[in-house]
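Please look through the chain and its fold before reading on.

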Amino acid sequence: LNNKNKKNKKKFAIITGGTGRIGSVFVNELLHQNYEVLILSRSKNKFTQQIKLFPNNLKKKIHWSFFDLLDEKSLESTLDYIYKKSKKKIDCLINCASNSKRGEFNKYTLSSASLELKGVFESSFLLTEKVLPLIRKSGAGKIINVGSLWGAVAPNYKTYLKLNIGPSSITSSGKSAFMHYTKVLASREARFGITSNNLVPGWFPRKGKVENKMYIKNICDQIPMKRIGQLKDLNGAIKFLISEESRYFNGQDLIVDGGFTIL
């Protein structure tokens with residue numbers, strides 16, 4: 001009976017970037033695990049299109065608020081909305097949004113470097129710190145940060161041929177900082193019953209036009225399973241991370257990459 005009550009207990013989750021390709025997988029699983037979900041993103045239009053895919057009983061459990069990682073005023077207004085909507089308790093926070101550049105040799109000023117680091121790490125860090133008092137009230141809260149392969153290993157720029165679409169040096173370094181911050185949270189917040197982990201996706205298809213065929217072949221040649229991931233390949237990892245089954249899983253990097261990082 002106790003287990004059944006826990007399963008049916010209403011929970012509240014916040015996800016940044018919940019309308020994106022990986023964020024949408026999180027949202028779907030959260031809703032089916034009885035979470036009420038607040039999506040924070042820049043595009044209400046994407047949210048409107050996304051919500052059409054759900055039945056009416058689940059639509060009632062999804063909310064949206066504008067949030068821009070590069071806008072400090074956006075953070076302040078978002079926090080006000082979170083405190084009102086969450087009823088002062090958050091069971092799960094998922095940091096899935098990121099805003100960064102691509103390219104191997106970007107030229108930076110102090111201002112542009114700071115702005116990109118804000119989009120990769122600083123704003124998500126600040127949001128997390130600001131809502132932690134509400135996560136502590138859960139008694140069994142979860143923080144899940146979506147990392148990057150390039151936060152775990154250095155990018156090999158030969159992979160990108162001459163397309164110049166690899167992660168910038170700040171993207172890679174910022175994601176590494178974010179992934180280490182997860183471990184700091186895992187150590188610091190465990191006393192409040194909070195677990196903190198990273199989901200690290202490997203190569204997954206981008207939305208939009210099909211990628212350069214030689215580029216995709218070059219990637220697949222470096223993956224033991226000889227293919228890039230499909231979004232359904234993330235379902236098991238995401239389901240595990242947000243479920244009660246991960247209650248003793250803390251401070252870890254869950255890498256879903258077909259074996260790319262072992263070579």
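Q: How many of the 6 residues of strand β1 (residues 11-16) are buried?
A: In this predicted model, local features need pLDDT of at least 70, side-chain atom pairs count only at pLDDT 80 or more, and totals for chains, interfaces and linings use all residues. Residues are numbered from 1 along each chain as its sequence is written, and side-chain values use heavy atoms, with hydrogens and water left out. Strands (E, at least two residues) and helices (H or I, at least four) are DSSP runs numbered from the N terminus, and buried means under 20% relative accessible area, exposed over 50% and partly exposed in between, with a 1.4 Å probe and protein chains only. Strand β1 is mostly covered, and the number of its residues that are buried is 6.

Q: Which residues of β1 point the other way from Lys11, Ala13 and Ile15?
A: In a regular strand the side chains alternate between the two faces of the sheet. In β1, Lys11, Ala13 and Ile15 point one way and are buried. The residues that point the other way, also buried, are Phe12, Ile14 and Thr16.

Q: Which residue in β2 is the bridge partner of Phe12?
A: Two strands pair if DSSP finds at least two bridges between them. β1 and β2 (35-41) pair in the parallel sense over 6 bridges. Within this pairing, the partner of Phe12 is Glu36.

Q: Which residue in β3 is the bridge partner of Ser41?
A: Strand β3 (residues 62-66) is mostly covered, with 4 of its 5 residues buried. β2 and β3 run parallel and are joined by 5 bridges. There the bridge partner of Ser41 is Phe66.

Q: Which hand does the β-α-β unit of β1, α2 and β2 have, right or left?
A: A crossover is right-handed if, with the strands pointing away from the viewer, the path from the first strand over the helix to the second runs clockwise. The helix here, α2, has 12 residues and reaches 18 Å from its first C-alpha to its last, close to the 16 Å expected at 1.5 Å a residue, where the expected span is 1.5 Å times one less than the number of residues. The unit that β1, α2 and β2 make is right-handed.

Q: How much space lies in the largest pocket?
A: On a 1 Å grid over the protein atoms alone, a pocket is an open set of points where a 1.4 Å probe fits, with protein on both sides within 12 Å along at least five of seven lines, and lining residues have an atom within 4 Å of a point. The largest pocket is lined by 45 residues, and Arg21, Ile22, Cys96, Ser98 and Arg102 lie nearest its centre. Its volume, the space filled by probe spheres set on the points, is about 1500 Å³.

Q: What separates the C-alpha atoms of Lys232 and Ile22?
A: Lys232 lies in the loop between α9 and α10 (235-242), and is exposed, with a relative accessible area of 59%. Lys232 and Ile22 are 210 residues apart along the chain, and the separation of their C-alpha atoms is 10.0 Å.

Q: What is the phi of Lys88, which is not a glycine?
A: Most residues other than glycine have a negative phi. Lys88, in the loop between α5 (72-85) and β4, counts as exposed at 51% relative accessibility. The phi of Lys88 is positive, at about 65°.
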